[in-house]
Amino acid sequence: MNVKLLLILCAILGLLMAITQGQSPAAGRASGLIGKLDTVEIRVFREDDLTTSGQLSADGTISMPLIGSVRMAGLTTDQAAASIKAKLKDGYLVNPQVSDSIEARVRRSVTVLGQAQNPGVFEIPANRQLTVVEAIGMAGGATRIANTKKMTLKRNAGGRTQVLQLNLKDITSGKAADLPLRDGDVLSIPESLF
């Protein structure tokens, strides 16, 4: 597939994602992937004393009565409910019915710099991951003078800065994997020398 055609398709995908991101979930409650520092509410059917709501801590946990600290970040709401149900079932309740929802999300974003049509900061969708190709599409695609074979991805990994070299042609042709981006990632597209 022609790289320019692929970049145009990515730009269209980016515009569609930007349009749909402006739509908010009904009633403020949401399901999906739970992020660090999101505000959640956990309910246990017929056990009002176990209802817990609040913002997750920096390590992605929340403290609940009886079972203590529960890790929720990185799980879907269904996975988190199943985990809490298993802990409550282990010595506390016979058949707990657990539901949880995300009350407020912390904004997660990535930055695209350099030779993109519209470089800037882009929000990662709340309910799914964003990949390198999608981020470039959201930035309008690469310019005609971009060197997409020598892109860099800077990522904060446990207090250290990690730098990855990326080749867009390899990713789009299937020779390399399209990487999911994380909050705070910076994708740089350099200018071609000739």
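# A guided tour of the predicted model

Begin by selecting arginine 105 and aspartate 38, whose side chains meet in a salt bridge at 3.9 Å, N to O, where a salt bridge is a side-chain nitrogen of Lys or Arg within 4 Å of a carboxyl oxygen of Asp or Glu. This pair links distant parts of the chain, 67 residues apart: arginine 105 is in the loop between strand S5 (98–104) and strand S6 (109–114), and aspartate 38 is in the loop between helix H1 (3–21) and strand S1 (39–44).

Residues are numbered from 1 along each chain as its sequence is written, and side-chain values use heavy atoms, with hydrogens and water left out.

**The salt bridges**

Is aspartate 38 buried or exposed? Aspartate 38 counts as buried at 3% relative accessibility, whereas arginine 105 is partly exposed, with a relative accessible area of 28%; buried means under 20% relative accessible area, exposed over 50%, and partly exposed in between (1.4 Å probe, protein chains only).

Then move to arginine 43 and glutamate 41, which form a salt bridge with the closest N and O atoms 3.3 Å apart. In this pair glutamate 41 is buried, with a relative accessible area of 11%, while arginine 43 is partly exposed at 37%.

**The strands**

Now colour the chain by secondary structure, which comes to four helices and 10 strands, and follow the pattern α-β-β-β-β-α-β-β-β-α-β-β-α-β along the sequence. Select strand S3 (residues 61–64) and strand S4 (residues 68–71), which run antiparallel and are joined by four bridges; two strands pair if DSSP finds at least two bridges between them. One place to look is methionine 64, whose bridge partner in S4 is glycine 68. Three residues lie between the strands of this hairpin, where leucine 66 takes a positive phi near 75°.

Which strands pair with S6? With strand S7 (residues 120–123), S6 pairs in the antiparallel sense over four bridges, and with S10 it pairs in the parallel sense over four bridges. On the S7 side, threonine 111 has valine 121 as its bridge partner, and a hairpin joins S6 to S7 through five residues. On the S10 side, the bridge partner of glycine 114 is isoleucine 189.

**Two buried residues**

Select leucine 153 in strand S8, which counts as buried at 0% relative accessibility. Leaving aside residues up to four places away in sequence, leucine 153 touches several residues, among them Leu164, Leu181, Asp185 and Leu187, where contact means heavy atoms within 4.5 Å. Leucine 153 and threonine 111 are 42 residues apart in sequence and 9.8 Å apart in space, C-alpha to C-alpha.

Alanine 146, in the loop between helix H3 (132–138) and S8, is also buried, at 15% relative accessibility. Its C-alpha atom is separated by 6.5 Å from that of isoleucine 189, which is 43 residues away along the chain.

**The largest pocket**

Finally, select Gly35, Lys36, Arg108, Arg182 and Asp183, which lie nearest the centre of the largest pocket, among the 25 residues that line it. A pocket is found on a 1 Å grid over the protein atoms alone, as an open set of points where a 1.4 Å probe fits, with protein on both sides within 12 Å along at least five of seven lines, and lining residues have an atom within 4 Å of a point. The volume of the largest pocket is about 670 Å³, a volume being the space filled by probe spheres set on the points, which are joined across faces, edges and corners.

Technical notes. This is a predicted model: local features need pLDDT of at least 70, side-chain atom pairs count only at pLDDT 80 or more; totals for chains, interfaces and linings use all residues.
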